[in-house]
Amino acid sequence: MTSTVSAATTSHYEAFHTQLEGFLRPEQRIEDLSRRIAYSTDASFYSMIPRLVLKLNHHHEVRRVLALANRWSVPVTFRAAGTSLSGQAVTESVLILLSDHWQQAEILDDGKAIKLQPGLIGARVNQLLAPYQRKIGPDPASINTCKIGGIAANNASGMCCGVKNNSYHTLKDMMFLLADGTCVDTRSRRSVGQFRRKHEAMLSALSALRDEVRNNPALSERIRHQFRLKNTMGYGLNALLDYDDPLDILTHLLIGSEGTLGFIADITLATIAVPQHKATGLYLFNSPGEACALIPVLQQHGAEAVELMDSRALLSVAGLLSPFGELTIAAGQVALLIELSAPDQAGLNQALEELTPALDSARPVCPFTGDMRQAVLLWNIRKGLFPAVGAVRETGTTVIIEDVAFVPDELACGIAALEALFDQYGYDEAIIFGHALDGNLHFVFTQAFDTSEQVQRYDAFMQDVAALVTQQFNGTLKAEHGTGRNMAPFIVHQWGADGLAIMQQIKQIIDPDNILNPGVIINQDDQAHIQHLKRMPAVDPIVDKCIECGFCEPQCPSRQLTLTPRQRIALMRRAAALPAHEQAEVTADFSYLGEKTCAATGLCATSCPVGIDTGAWIKSLRHQQTPLAAQALADDLASEHAHYRRLLNLASKTTRYLPDSAVSVSSRLLRKMNHQIPVYYKQIPAGASTTPPVSASFDDKVVYITGCPNRLFDAPSGQTPLPQVVTRLLNKARTEVILASDNPQLCCGQNWESKGNQQAAQQYQHAMTARLMQLTENGRWPVIFDTSPCALSLQAQPELSVYELSQYLLDYALPRLSVTPTDEPVMLHRTCSSLHLDEGLALTTLAHQLSRRVIIPPDIQCCGFAGDKGLHLPELNASALASLASQIPDDCQRGFSNSRTCEIGLSKAGGVPYQHIVYLLDEVSKPLPTETTS
């Protein structure tokens, strides 16, 4: 058995590929160079360009692919979210991805267990369990991005998980597929019976291996020692001691096997109770020894998490510490972020009282608090450590994070020894933090791989780390992040020759032809950790700090259509090393894959640990090639609006005589001849009325700006135009509306800014600000926008009080109205601009005031309409909202948002009409008696 990628011949690949065409659609097979390069990286510092990328929808497809791969000796590698840090999800062969179809969950036993498909994001699973006050045990820092398949395959743990609550210890059942395509469902007696009969030899071999380990007292004790610690180094040999049935051994070996033994098609996990009473505090100690001496005391008093941060780590996030006052940090000091929990408040109070004397020698940065907002700020300090190093690294270097575990009693000595190694090798920026309760430390440093000397320095450092952890401290080289390619050469350091031999036999028994993720975990090349190293050349200052972690990807509307923000950046970085003709190919492809299909709303920045707005980079590229049509529209906005209203009215009238589908097809044909012609579909309304509403007079006034979309598009069929509804509602709340309808050229400039036309954007913003100063009597009256992107564009005007309409309605109109919430279920979409403004809080709060049943699809972020892209690039909107219809309950007949173009796209994708939330408020409200208004 080889330890690197099997040498499948070209003819074997061709045969494999040909047979795939029999059951996989073309869009499931990614073969072009550009997208293969985009998929060449995960969150690690390795890069390998796959020969073929497959997006699979169901375990039946996985089964057929595996059977073919086994037949033709073609290696395959599975990837879930690609947040792996040790190179376990890259390959030069076939990369298998999960499409968005793997999203099913089934809550069992009143929330005490949950059955999950591997494509579900961890945080989403905890949202499903929240009503039961339960959660899954694993809580990795990447839980908002990583998926259940990766969590199980890497046996991920996290800050509160410890050892006992990981996937291995909470596993109840599993459906898995082996290299030959065999599918086993441990919940099915029939499936299990068939497997036992047909794979008797495999199970017998595992039983023999179990007995061999148990008859080796030294190895057995080594296994027990290692798994008392957090340990993901190599295979889970504890399964050979913990279980007698070889099938139980097999399922538990699959946990943490990093896709090298099989594919986990679904998994049932026992859940754990969410503590209802917590207190969080941050304390500073003079030395690691002083801090670590407190750990046993904290364990006795119900500490759920104890996060250690060394002085360099604290200095790296000094800005995040500022809410808690000035803090002088001296070299050698250590902080502990402590979270205590208890089933009731009395128990928590008692624990806090008993713990107080033990903290006398510590300096309280933030004493224990039950305030959740303070707790979030404290946890943000801890979560900001890894990106803090990434944000200040030198361009061209990569961020490396390693994690080790020591016996807790030796934790302080381990910290000192690691810091000595950092000094020896010149890693002056390296920081240490970790899960102190488990003796688990992460250390983060930056490294360039541009020269052989740099590579040699890294190699020598890792050799010394391996010797220090395993020989000096008898610790674990990989506590959480998996073995991957990075630690595969060092398994023998931790497990010895006999332990490595057992792991090699496990691989041989379960995957005899080395089809599954070869080179990961088992690798005979002692230089594997310095092969296929990722280069990080400069691309653009806006994105050069990207650490390619993938945290941005769940926010991206083009993630299933073309590329994600991480992939856009990675593609341009990797392309720099390509031959000229391949660079030209990538550049041509990037026009569509990277630029045109980027919504450029900046939502990616909200989840990026270093705050990168990939959309800003794309807009800067657009600025270099501003289309003539965009400039023409900027030159005479009023005429262009009138022209588009005529087109909309023409299309609407045409549908009286022709089917909607015929008009839609015709518009697509015309678009092929002229790309400025938008695509028509039945949810697109007629042109908006230009007749302004008339407002009653009141002492309180507000200036109302109708956004461009509401000047172009009429209201949903049968509805009153939005400006009329806004005016009527605010008059109901005894507020006069000053409508800025006298100047049809008014625009916030956001449309031009998103297209890269900064000159036009600034021109319109300045004109808008000047006019608003007149209308508001120099800022006396507030300004409202009925389209959320407009409010976002002008919110930074210090002279004006600018409100997005839902915020104004919540703060000022709602208190002046009598509201009777409806029992009707309603869908709610929080636009990108609302999320930027206040994380969607105002819109969400308002919706809950108006309906007792508000449904917010958890996996819908940006809708992908992005101004006018829904008209000119409808596939982006369709891809972003592909799952919307399935999340709308049968008894829900409509939805609400706060941006007209988004509402059009949502109506099309969801199959129910969406409109501005002001319509709902108008329906469920009445004026208060005059004497009760304020």
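1. In this predicted model, helix α7 (residues 189–198) packs against helix α8 (residues 200–214) at an angle of about 80°, and the axes of the two helices lie 5 Å apart. Since angles of 65 to 115 degrees count as roughly perpendicular, α7 is therefore roughly perpendicular to α8.

2. The contact between these two helices brings Phe 195, Arg 196, Arg 197 and Lys 198 of α7 up to Glu 200, Met 202 and Leu 203 of α8. Sorted by class, the contact of α7 with α8 holds three nonpolar and four charged residues, with no polar residue.

3. The largest nonpolar core has 111 residues, and within that core Ile 267 and Phe 461 are the residues that touch the most other members. Once residues up to four places away in sequence are set aside, Ile 267 touches Ile 114, Lys 115, Leu 116, Ile 148, Ala 152, Leu 171, Asp 173, Met 174 and Ile 255. Apart from this core lies another one, of 35 residues, which includes Leu 722, Tyr 808, Ala 813 and Leu 921. As general background, nonpolar side chains in soluble globular proteins tend to be buried together.

4. Is Ile 295 buried or exposed? This residue, which is found in helix α13 (residues 295–300), has a relative accessible area of 3%, and because buried means under 20%, Ile 295 counts as buried. Leaving out neighbours within four places in sequence, the contacts of Ile 295 are with Leu 411, Ala 436 and Leu 437. By contrast, Ala 201 lies 94 residues from Ile 295 in sequence, and the C-alpha to C-alpha separation of the pair in space is 47 Å.

5. Four strands form an open sheet in the order β25-β24-β26-β27, and their pairing is parallel. The edges are taken by β25 (854–855) and β27 (914–916), each of which has a single partner strand, so that one side of each is left without a neighbour in the sheet. Helix α36 (residues 841–850) packs on this sheet and touches β24 (826–828), β25 and β26, while the direction of α36 makes about 175° with that of β24.

Terms used
Residues numbered from 1 in each chain as written. Predicted model: local features only at pLDDT ≥ 70, side-chain atom pairs only at ≥ 80, totals over all residues. Heavy atoms only, no water. Pairing = 2+ DSSP bridges. Contact = heavy atoms within 4.5 Å. Axes fitted to C-alpha atoms, helices over the stretch in contact; angles between N-to-C directions. Parallel < 35°, antiparallel > 145°, perpendicular 65-115°, else oblique. Nonpolar A, V, L, I, M, F, W, Y, C, P; charged D, E, K, R; others polar. Core = buried A, V, L, I, M, F, W, Y, C linked by side-chain atoms within 4.5 Å. Buried < 20%, exposed > 50% of the residue type's maximum accessible area, 1.4 Å probe, protein only.
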